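Have the viewer open as you read, and follow the contacts from one part to the next.

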Amino acid sequence: FRTADGEFEQWPSICGYVRDHQVVPIVGPDIAEHVFGSLQDLASELASQNDFPLSVHERFDLAKVAQFISIRASHRDARKQVREGLLRRLAETGKKLLGPVESDSDPARLLDHIVSRLLKDPNDPLCILADLDASVYVLGTANPVFETVLRGRGKAPIPIVRKWRDERETEQFHPDPDLDKPYLHYIFGDLREPTTWVLTEDDFFDYLIRTTRYRDLFPPVVGKALTCN
């Protein structure tokens, strides 16, 4: 897509769609790295704690490390260790930004305090995403930090989390999306609902099979936005 002078010629078209709010941001799992740290670092930390036996480069793959923990202990323990690791990193960020007093509050309140600081920085990636005024977001992360940022921007986001392990799960009706009430599709689950979390290697394979077999697991309101925008 580059022109002879090396420029990306699609920028005018892309920017036009963004200005018209005809865009569906697909948010990667490390967009909140400045809040929770990177998932690669978390994987390496958990690999060391659990004597992960595979090669060095695989120690940075959270799905592989979580798979090992689930086999050695249990799936529940894998989710617990990852969640606790994220909360430790959240507390560390709280100490850097807010000091030791505020960082001792419960995780939900601490996240609110941290986000209130992030909202003051117009160059923060989460704030830039929130200011795109999209009506549908697809989130590849399981943490609720972007949802909190949107609320801080005066919006009322509506999370969509599918219970993909339950074959009886059926599609719920969702009205047309609204810029002030954007849909947030947690495509790999929400850590606040542990059974929805796509975490281990087995989870990813099972999730792929289920979503291929059962169309109801992918919300039509999201699919329509992806194909029409």
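## Around arginine 89

Beyond its neighbours within four places in sequence, arginine 89 touches Val35, Phe36, Gly37, Ser38, Asp41, Leu42 and Glu45. The model is a predicted one, so please read these contacts as computed from it.

Where does arginine 89 sit? Its place is in helix α5, which covers residues 75-98. Is arginine 89 buried or exposed? With a relative accessible area of 12%, arginine 89 is buried, because buried means under 20%.

## Valine 35 and the cores

Valine 35 is among the contacts of arginine 89. Leaving aside neighbours within four places in sequence, valine 35 is in contact with Arg89, Leu90, Thr93, Leu111, Ile114, Leu118 and Val145.

Val35 also belongs to the largest nonpolar core, a set of 42 residues. The residues with the most contacts inside that core are Val35, Val82, Tyr137, Val145 and Phe146. Another core, of 13 residues, lies apart from it and includes Ile160, Tyr183, Ile187 and Tyr207.

## Where α4 meets α9

Two packed helices are described by the angle between their axes and the distance between the axes. For helix α4 (residues 62-72) and helix α9 (residues 201-213), the angle is about 110° and the axes are 7 Å apart. Angles of 65 to 115 degrees count as roughly perpendicular, and α4 and α9 are therefore roughly perpendicular to each other.

Which residues make the contact? From α4 come Ala63, Lys64 and Gln67, and from α9 come Glu201, Asp202 and Phe204. By type, the residues of this contact are 2 nonpolar, 1 polar and 3 charged.

Key: Residues numbered from 1 in each chain as written. Predicted model: local features only at pLDDT ≥ 70, side-chain atom pairs only at ≥ 80, totals over all residues. Heavy atoms only, no water. Axes fitted to C-alpha atoms, helices over the stretch in contact; angles between N-to-C directions. Helix = DSSP H or I, 4+ residues; strand = E, 2+ residues; numbered from the N terminus. Parallel < 35°, antiparallel > 145°, perpendicular 65-115°, else oblique. Contact = heavy atoms within 4.5 Å. Nonpolar A, V, L, I, M, F, W, Y, C, P; charged D, E, K, R; others polar. Buried < 20%, exposed > 50% of the residue type's maximum accessible area, 1.4 Å probe, protein only. Core = buried A, V, L, I, M, F, W, Y, C linked by side-chain atoms within 4.5 Å.
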